[in-house]
Amino acid sequence: MSNVYVFDHPLIQHKVTYIRDKNTGTKEFRELVDEVAALMAYEITRDMPLQEVTVETPVSEAKCKVLAGKKLGLVPILRAGLGMVDGILRLIPAAKVGHIGLYRDPETLEPVQYYAKMPSDIGERELIVIDPMLATGGSAAEAIRRIKDMGAKNIKLMCLIAAPEGIERVRQDHGDVDIYVAAVDEKLDENSYIVPGLGDAGDRLYGTR
Ligand code: PRP
Ligand code: URA
């Protein structure tokens, strides 16, 4: 069964507070999501394998470490996942980015796919699926199912805010996928919005309504 990691670093918690605040405007919201994504990327890569290399410093030879192992791929779930991409790419510029477009039908709450484009070598990459919100879990579970169909084998899910229902859904459908979040909230409301959450992540990022 997948593990769930809650990143409780004080900087992450501090910034998520302002992301939640309804008085935070679009520009600041976007900047904060970008910053939290970068901080979460720092945490999520903590156990990446290293290998030893030798470099010449101006003084002598030095045995040092560089990243080893599988290359990374990011898969934002459009639209809101896009808001987290640049923050992560600042730390891991060599990561390739696949996109999957899904929206949650407001009536049925079922995810509807409208786009998918992945790197050709996704089967050989460690993939991080990113979306600020994990509510019912329908969108994330479907995105993961689709990218597995396209050959993905090694997947992590990274979200800002999750509801217990969403975590449960992903764990049931994809027991091999570990989940990384900044906060686990109380519940979903009658429209399946996360309570207290942050509202509609896509609308707050892009100023739509
Ligand atoms: C939001 C969010 C997730 C989804 C979460 O996207 O970014 O993808 O809802 O809800 P779920 O866990 O119940 O599936 P939305 O459908 O609003 O699309 P958008 O990003 O295009 O605004
Ligand atoms: N999608 C959002 O953007 N926010 C929620 O609270 C739930 C789904």
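Start with where two helices touch: Leu11, Ile12, Lys15, Val16, Tyr18 and Ile19 of α1 meet Phe29, Leu32, Val33, Glu35, Val36, Leu39, Met40 and Glu43 of α2, with contact meaning heavy atoms within 4.5 Å. Sorted by class, this α1–α2 contact has 11 nonpolar, no polar and 3 charged residues. (Ala, Val, Leu, Ile, Met, Phe, Trp, Tyr, Cys and Pro count as nonpolar, Asp, Glu, Lys and Arg as charged, and the others, Gly among them, as polar.)

Keep in mind that this is a predicted model, where local features need pLDDT of at least 70, side-chain atom pairs count only at pLDDT 80 or more, and totals for chains, interfaces and linings use all residues. Residues are numbered from 1 along each chain as its sequence is written, chains are lettered from A and ligands numbered from 1 in the order in which they are written, and side-chain values use heavy atoms, with hydrogens and water left out.

**Helix pairs**

- α1 covers residues 10-20 and α2 covers residues 26-44; they pack at an angle of about 155°, with axes 9 Å apart. Axes are lines fitted to C-alpha atoms, for helices over the stretch in contact, and angles run from 0 to 180 degrees between N-to-C directions.
- That angle is why α1 and α2 are roughly antiparallel to each other. The cut-offs are under 35 degrees for roughly parallel, over 145 for roughly antiparallel, 65 to 115 for roughly perpendicular, and oblique for the rest.
- α1 passes α2 in a left-handed crossing, meaning that the near helix is turned anticlockwise from the far one by less than a right angle; clockwise would be right-handed.
- Helices (H or I, at least four residues) and strands (E, at least two) are DSSP runs, numbered from the N terminus.
- The other pair is α4 (residues 138-149) and α5 (residues 164-173), packed at about 25° with axes 8 Å apart. These two are therefore roughly parallel, and their crossing is right-handed.
- On the α4 side, Gly138, Ala140, Ala141 and Ile144 make the contact, and on the α5 side Arg169, Val170 and Asp173 do. By class, the α4–α5 contact splits into 4 nonpolar, 1 polar and 2 charged residues.

**Ligand 1**

- Ligand 1 has 14 residues around it, and the closest are Arg104, Asp131, Thr136, Gly137 and Ser139. Being near a molecule or strand takes one heavy atom of the residue within 4 Å of it.
- Arg79 puts a polar side-chain atom 2.9 Å from an oxygen atom of ligand 1.

**Ligand 2**

- Around ligand 2 sit Arg104, Met133, Ala135, Ser192, Tyr193, Ile194, Gly199, Asp200 and Ala201.
- A polar backbone atom of Ile194 is 2.8 Å from an oxygen atom of ligand 2.
- Gly199 has a backbone N or O atom 2.8 Å from a nitrogen atom of ligand 2, while Ala201 has one 2.8 Å from an oxygen atom of ligand 2.

- Most residues other than glycine have a negative phi, and most peptide bonds are trans.
- Leu78 to Arg79 is a cis peptide bond, with omega near -5°. Arg79 sits in the loop between β4 (71-78) and α3 (85-91).
- Val195 and Pro196 are also joined by a cis peptide bond, with omega about 0°. Pro196 belongs to the loop between β13 (194-195) and α6 (201-206).
- Leu109 is not a glycine, yet its phi is positive, about 65°. Look for Leu109 in the loop between β6 (99-104) and β7 (111-117).

How values were computed: A polar contact is a pair of N or O atoms within 3.5 Å; within protein, one must be able to donate a hydrogen and the other to accept it, and residues adjacent in sequence count only if both atoms are side-chain atoms.
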